[in-house]
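I opened my notebook to a new page for this one.

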Amino acid sequence: MKMTLRWFGSKHDNVTLEQIKQIPGCVGVITTLYDSKPGEVWSREAIQAMRNEVESAGLEVSGIESVNIHDDIKIGLPTRDKYINNYIETLENLGEEGINLVCYNFMPVFDWTRSDLAKVRPDGSTVLSYDQEVIDKIDPDKIFKEMEASSNGFVLPGWEPERLGKVRELFEMYKDVDEEKLFENLIYFLNAIMPTCQKYGIKMAIHMDDPAWSVFNLPRIINNKENIQRMLDAVSVENNGLTICTGSLGSNPDNDIPDIIRSFKGRIHFAHIRNLVHHGPGKFDEAAHLSSDGSLDMYEIVKALYDIGMEGPIRPDHGRMIWGEKAMPGYGLYDRALGATYLNGLWEAIDKSVKQGMLGFND
Ligand code: DNO
Ligand code: MN
């Protein structure tokens, strides 16, 4: 595996490349052109400038998160082909710049959803949290305003004001899109882009739906083992792969994450690792990465990634807000750096015990 950190670019992120470079073992960033709108072509020049900036800080661009998908593609409108062609052009430009990992998601209207961006935990840290009962009482039109108001002044990933200013319109546009339709539209999109991905060796890594169930009655298709299997089988080439996000999949305690990881060996191109605490159905708080701080067994998760021979990037996912830091919710420096260090420790311990065990066996 390759340890990385998500970075939103110098204009939007208050965490600097210099700080990221000082996280032990961190070799690259997962970044994006944060000002680009879904459906636009990313120019080669803009990609090159981003790459130069990252490389001059001694890091690499380990992947893109995300090249977002235009709603017309998810809805399956006749205009989708135009946006798919733009997506292909972006992939070509990324490929020409040597960038070969693209994380994306296929969730309608909203990317991830939370009911609170700064829930106070017993140790005084604040975390993102989710409570279905609270969500059920919120008008989808208002949730955007609420998220914006508690975002510490940052534009949240996937919650761009331009698009979410017209939530009502978007809901109307998605009204005939059920799970089957959404699935078909995803497969149509993937079949169209795969030849380009194969030409450039680009790995597409779909992010898990977050949370792993339907929110505001919108369809969800990348949320459990069976649905993920169906999607991988429908476009059965290595370039069509996954971003395993433990916090998203793990929001549903029925998802056995180590088993899911082992089942999709060869198709997991990227992993987001974080922990959360379950508080009963439809309710969870994010937590520190440490196993004992949450409900997920991080040792078993990292061990499963180790066992499948994970070579792609991993990154600590959302961190808590600690030590008085003011940053984009989930994306401060301190707790993500602690997370990276903990994950590096787990990896080293697993690696050494496996190798020593093997030596012992051979003796
Ligand atoms: C939130 C992230 C998501 C993720 C996208 C990938 O913090 O996990 O916004 O980046 O769903 O496309
Ligand atoms: Mn994630």
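**Strand partners and helix contacts**

I looked up Leu242 and found that its bridge partner in E9 is Ile268. I note that this is a predicted model.

I then asked how many bridges join strand E8 to E9. I counted four, with E8 spanning residues 240-245 and the two strands running parallel.

Next I followed E9 to strand E12, residues 313-316. E9 and E12 also pair in the parallel sense, over three bridges. Here I picked out Ala271, whose bridge partner in E12 is Ile314.

Is E9 buried or exposed? I checked strand E9, residues 268-273, and six of the six residues are buried, so the strand is largely enclosed by the rest of the structure.

**An open sheet**

I turned to another group of strands. Four of them form an open sheet, in the order E5-E6-E11-E10. The pairing in this sheet is antiparallel. I wanted to know which are the edge strands. They are E5 (116-120) and E10 (276-278), and each pairs on one side only. From one strand to the next, I noted a twist that averages 35°.

I reminded myself that strands of a sheet pair through backbone hydrogen bonds, either parallel or antiparallel.

I took a closer look at E6 with E11. Strand E6 covers residues 126-131 and strand E11 covers residues 283-286. Three bridges pair them in the antiparallel sense. For Tyr130, I found the bridge partner Phe284 in E11.

**Two helices**

I moved on to helix H4, residues 80-96, and helix H9, residues 179-200. Their axes come within 10 Å and cross at roughly 15°. An angle under 35 degrees counts as roughly parallel, so that makes H4 roughly parallel to H9. I recorded the crossing of H4 and H9 as right-handed.

Which residues meet there? On the H4 side I listed Ile84, Tyr87, Ile88, Leu91, Glu92 and Gly95. On the H9 side I listed Phe189, Ala192, Ile193, Thr196, Cys197 and Tyr200. I sorted the residues of this contact into nine nonpolar, two polar and one charged.

**A loop residue**

Last, I looked for Phe110. Phe110 sits in the loop between strand E4 (101-104) and E5. Is Phe110 buried or exposed? I found 20 other C-beta atoms within 10 Å, and a residue counts as buried at 20 or more, so Phe110 is buried.

I also checked Phe110 against Leu218. Phe110 and Leu218 are 108 residues apart in sequence. In space, I noted 9.1 Å between them, C-alpha to C-alpha.

Note on methods:
Residues are numbered from 1 along each chain as its sequence is written. Chains are lettered from A and ligands numbered from 1 in the order in which they are written. This is a predicted model: local features need pLDDT of at least 70, side-chain atom pairs count only at pLDDT 80 or more; totals for chains, interfaces and linings use all residues. Axes are lines fitted to C-alpha atoms, for helices over the stretch in contact, and angles run from 0 to 180 degrees between N-to-C directions. Angles under 35 degrees count as roughly parallel, over 145 as roughly antiparallel, 65 to 115 as roughly perpendicular and the rest as oblique. A crossing is left-handed if the near helix is turned anticlockwise from the far one by less than a right angle, and right-handed if clockwise. Two residues are in contact if their C-beta atoms, placed from the backbone, lie within 7 Å. Ala, Val, Leu, Ile, Met, Phe, Trp, Tyr, Cys and Pro count as nonpolar, Asp, Glu, Lys and Arg as charged, and the others, Gly among them, as polar. Two strands pair if DSSP finds at least two bridges between them. A residue is buried if 20 or more other C-beta atoms lie within 10 Å of its own, exposed if 12 or fewer, and partly exposed in between; C-beta atoms are placed from the backbone.
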